[in-house]
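Please work through each task before reading its solution.

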Amino acid sequence: MDPNPKTKSQFDPDPPMMDEPDAVFWDRPAPVGNLLLDQLPSYQSLLYRRKSSTRRRGSGRSRQLSIRNGKWVEQTHSGEELRPVRELPKSMQDKRREKQQRLQQGGTVTGWGLWRLNVHRSLKRMKEDGVDLLSALQLWRTDIHLIEGMFGTGILSYFSFLRFLVLLNFIIFLLMFVFVMLPVILTSHTSHNITYSSTNVSECSVYPPTSRQSLVAFHEHITDLLSGTGFLERTYLFYGYYNLEFIHSHFTYNLPLAYLLATISYLLLSLVWIVKRSASGFKRKLIQDEDRFQSFCNKIFAGWDFCITNENAARLKRSSLLYEMKTDLEEERIKRRMANRTRSERCRIYALRAALNLFVMAVLVTCFYCIYVATVFSQRKQVEAEKSAFLQELVVEYLPSIVITLANFITPLIFSLIITFEDYSPAFEIRFTLMRCVFMRLASIGVLLFSLWVQITSCESQECLCGYNHKTYPCWETHVGQEMYKLVIFDFLIIVAVTVFVEFPRKIIVSHCDHGLVRWWGQQEFAVPQNVLEIVYGQTICWIGTFYCPLLPAINTVKYVLVFYIKKVSLVTNCRPATRPFRASSSHFFFLVVLLIGLALASVPVTVSIAEIQASRVCGPFVSYSTSWQVVPRGITQLPLGLRSFLLALASEAFAVSFFVITCLGMFYVIALAGAHKRVIEQLRDQLAMEGRDKRFLIQKLYQAQQATYGRSADAKGLRRNRAHAGLCLVEPSVVLETQA
């Protein structure tokens, strides 16, 4: 006798019905007796969608899902896609067994197939050995692992970025050395027919001597070394030394064309390399910008950096995670407060932000005006023949660099103070302040170049006879190269001076003084974004100055190598990580975006000087041309007819329009593909959320079944006890309860 027959039929469906969960996920109707699976939220949602739209059946799908041995298996039309044995999450014994099964299923391989298999294995092993060798030869591999273990991946991102710039500068130096400097060096030591650049205008071909005459004091040599003047002006260091046009040997080498193509090549190489590196960071940033991946659970359970081995670094990482949690809560609070603002509050905050942004613009304009005045004053003083003291002369030489450095030091402090009154979220405050600092640093270089070109292109008379101010700047390209050279040297001196005279004494004072004010001051923080802005500023100067100073990439390479060790020693001994951390995952992409902005800014003055400004008539490889770009059309006219016609076709309007149309079509296709991928990702996320609801539903059902079983067992025990007292002896059937997941 069964006292509760409905219990078994409800919770113990037929086993064949439970073995077909496809009814929950696909469009065919579910079995009648599968009542538990019919109640799942995913199945109910599928029924709701089925009422609103008709989905395509299996013939249109490129993928199908099937169940084998209780597991989902992904298949294609061509059959099952097997993963490599080494990638399977199994033990070594299970992997060997899996490999033997695959070999038995595939049959015996002989002859040509066996040879191809052996060659594939050998090439794959050779590739892996090559990757291991390259990783072992990686620059600063041990030092970077040490920094990663002590301070985590946030600070590691700065040193990895610095290593990338060292390699980039070294490649740029190799380009300039092989195609520009090496031919000039070889012609000076071998016998070749050489054609020098010359001009027909005699008044513009006068180049007065720049080396110091008579007895030269020691401090004057130091001034020349730091400013690039005197004995350094007419060397391989600057543009004016390369005054060759053609080198005739077994072939004719066109040095002006090689100089121009090398300049274009290093700019394009930098662009391609930066974009390639930023692609992976952009993908990670897109993932992290989603709300699902920025949840509190991910920060608590997956936010720890397991590369940390130092106790102090672990404590700092714990505090940084706490800071991120507080920041997220603060952002949520600010968003809620912004949503509840009244119209009068919005008008007030927008008016305040507008007033503060006007103040920021006033600060920037003041800094730019000071840079312009300092540059004009320095140029006029350098033209005068009056001798002055050593320090005064050095200050005049470096006056624009000093003003730029002071502006870059003062304006971030002002921006950090202003941003607190603008009522932004903490994360946006950091990004907005950094973008203001980036604009200040990079725009200051543009103001300096504008000041120089105003002086170069303006003459005392109404019209310049030589096309530029030949009297003051006979070789203006070399003069611009000297200014870029001074900026690089002064930037390095400032980094060394701050480390030695600011950070090191501060560390000593904090370590040996227990005064309350000193403890509040604390150790110097190693702020990753500010340090990155320093090297991006230096790299932008290098990109601009390489055209005027071909050896500047080599100088910048040596500078960044020294900066790496200086910053490493300062980090380990003097500094501590910042209390407001900059995420390593997002910082990689941010650094490359800032570097890309610097490259765009550097390309503008180089392009203008090549295409618009009159080339110097007394120095450099472009003496015979009105502008540097004219060497390209003249070189094309000297090519064979077929190649010349091909290049002219590439430069025609028809090719440009066709290329533009094809590019637009490709861009539209990529945008459509990205939209489709985004929709698929959203569907997969919905499926994950629905699976979570299914699990919760099943757990609730299991709990209810357990409670029901416990209640019936308690009732059965009470009934037996009562019947035992009455002298009755009955057998109660047990309730069978089966669930399947």
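**Exercise 1.** Which residue does a disulfide join to Cys475?

*Solution.* The model is a predicted one. Begin with the whole structure, where a search finds one disulfide. Its partners are Cys475 and Cys619, with an S to S distance of 1.8 Å, and a pair of cysteine sulfur atoms counts as a disulfide within 2.5 Å. Next, consider the geometry: the torsion about the S-S bond of Cys475 and Cys619 is about 90 degrees, so the disulfide is right-handed. Then place the partners along the chain. Cys475 belongs to the loop between helix H17 (426-457) and helix H18 (476-512), while Cys619 belongs to the loop between helix H22 (584-611) and helix H23 (631-637). The pair, 144 residues apart, thus links distant parts of the chain. Finally, Cys475 and Cys619 are both buried.

**Exercise 2.** Which cysteine sulfur is nearest to that of Cys370, and how far away is it?

*Solution.* The nearest cysteine sulfur is that of Cys367, 6.5 Å away. The cut-off for a disulfide is 2.5 Å, and Cys370 is in no disulfide. As for accessibility, Cys370 has a relative accessible area of 36% and is therefore partly exposed. Cys664, with a relative accessible area of 17%, is buried, because buried means under 20%.

**Exercise 3.** Classify the ring pair of Phe547 and Tyr548: is it stacked or edge-to-face?

*Solution.* The structure holds 25 aromatic pairs. In the pair of Phe547 and Tyr548, the ring centres are 5.1 Å apart and the planes stand at 85 degrees. Planes over 60 degrees apart count as edge-to-face, so the pair of Phe547 and Tyr548 is edge-to-face.

**Exercise 4.** Classify the ring pair of Phe655 and Phe659: is it stacked or edge-to-face?

*Solution.* The centres of these rings lie 6.1 Å apart, with the planes at 15 degrees, so the pair of Phe655 and Phe659 is stacked. Both residues lie in helix H25 (residues 653-726), four residues apart, which is about one turn of the helix. Phe655 is partly exposed at 38% relative accessibility, whereas Phe659 is exposed at 52%.

**Exercise 5.** Over the face of which ring does Arg277 lie?

*Solution.* Arg277 lies over the face of Phe164, 4.3 Å from the ring centre. Arg441 lies over the face of Tyr537, at 5.7 Å from the ring centre.

Note on methods: Residues numbered from 1 in each chain as written. Predicted model: local features only at pLDDT ≥ 70, side-chain atom pairs only at ≥ 80, totals over all residues. Heavy atoms only, no water. Phe/Tyr/Trp six-rings, centres within 6.5 Å; stacked < 30°, edge-to-face > 60°. Helix = DSSP H or I, 4+ residues; strand = E, 2+ residues; numbered from the N terminus. Buried < 20%, exposed > 50% of the residue type's maximum accessible area, 1.4 Å probe, protein only. Lys NZ or Arg CZ within 6 Å of the ring centre and 35° of its normal.
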